[in-house]
Amino acid sequence: MTFSPSGAFNYTHLNANGTTTIKSGPGMLHTLTINIKGATGNTITLYDNTSASGTVIAVVDPTQNLITLDFDVAFVNGLTVVLATGTAADITLSWL
């Protein structure tokens, strides 16, 4: 299945540890912005899935810098984000 993005990006803001399914089905991850750094070993794991398993898109350490990471990658099954361990970062993801 081919995904053809059009229009503005959607966004999701997260600021607590946990698992969040952002989208089911095919889409595109545009950016991940770390608005407020996490602490004490906090991590962000992005999955191409509707659960916290399967293909890992990226594992990000949000404890070092305030930054926007450009991904511009397609996912097939869905997009799930896990913020884990320590004090959660405040993040925003943009996606289609």
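**Notes on the predicted model**

1. Strands here are DSSP runs of E with at least two residues, helices are runs of H or I with at least four residues, and both are numbered from the N terminus. Two strands pair if DSSP finds at least two bridges between them. Axes are lines fitted to C-alpha atoms, for helices over the stretch in contact, with angles from 0 to 180 degrees between N-to-C directions.

2. On the basis of the notes: this is a predicted model, where local features need pLDDT of at least 70, side-chain atom pairs count only at pLDDT 80 or more, and totals for chains, interfaces and linings use all residues. Residues are numbered from 1 along each chain as its sequence is written, and side-chain values use heavy atoms, with hydrogens and water left out.

3. Within the sheet of point 1, β4 (residues 43-48) and β5 run antiparallel and are joined by five bridges. Tyr 47 has Val 56 of β5 opposite.

4. A further open sheet, also of four strands, has the order β1-β8-β3-β6 with antiparallel pairing. Its edge strands, β1 and β6 (68-75), each pair on one side only. From one strand to the next the twist averages 20 degrees. Six bridges connect β3 with β8 (residues 90-95), and these two run antiparallel. Leu 29 has Trp 95 in β8 as its bridge partner.

5. The protein has eight strands and zero helices. Its radius of gyration, taken over C-alpha atoms, is 13 Å, close to the 12 Å that the globule rule gives for 96 residues, so the protein is as compact as a globular protein of that length. The rule is 2.2 Å times the number of residues to the power 0.38. The C-alpha trace spans about 40 × 25 × 15 Å along its principal axes.

6. Of the 96 residues, 40% count as buried. Buried means under 20% relative accessible area, exposed over 50%, and partly exposed in between (1.4 Å probe, protein chains only). Among contacts with a separation of 6 or more, 82% come from residues 24 or more positions apart; contact means heavy atoms within 4.5 Å.

7. Thr 31 lies in β3 (residues 27-36). Its relative accessible area is 9%, so Thr 31 is buried. The side chains of Thr 31 and Ser 94 make a polar contact of 2.5 Å. A polar contact is a pair of N or O atoms within 3.5 Å; within protein, one must be able to donate a hydrogen and the other to accept it, and residues adjacent in sequence count only if both atoms are side-chain atoms. Beyond four places in sequence, the contacts of Thr 31 include Thr 68, Asp 70 and Thr 92.

8. Where is Asn 17 placed? Asn 17 sits in the loop between β1 (10-14) and β2 (18-24). Its relative accessibility of 37% makes Asn 17 partly exposed. The side chain of Asn 17 has a polar contact of 3.0 Å with that of Asn 42, and the C-alpha atoms of these two residues are 8.6 Å apart. A polar side-chain atom of Asn 17 also lies 2.8 Å from the backbone oxygen of Gly 86.
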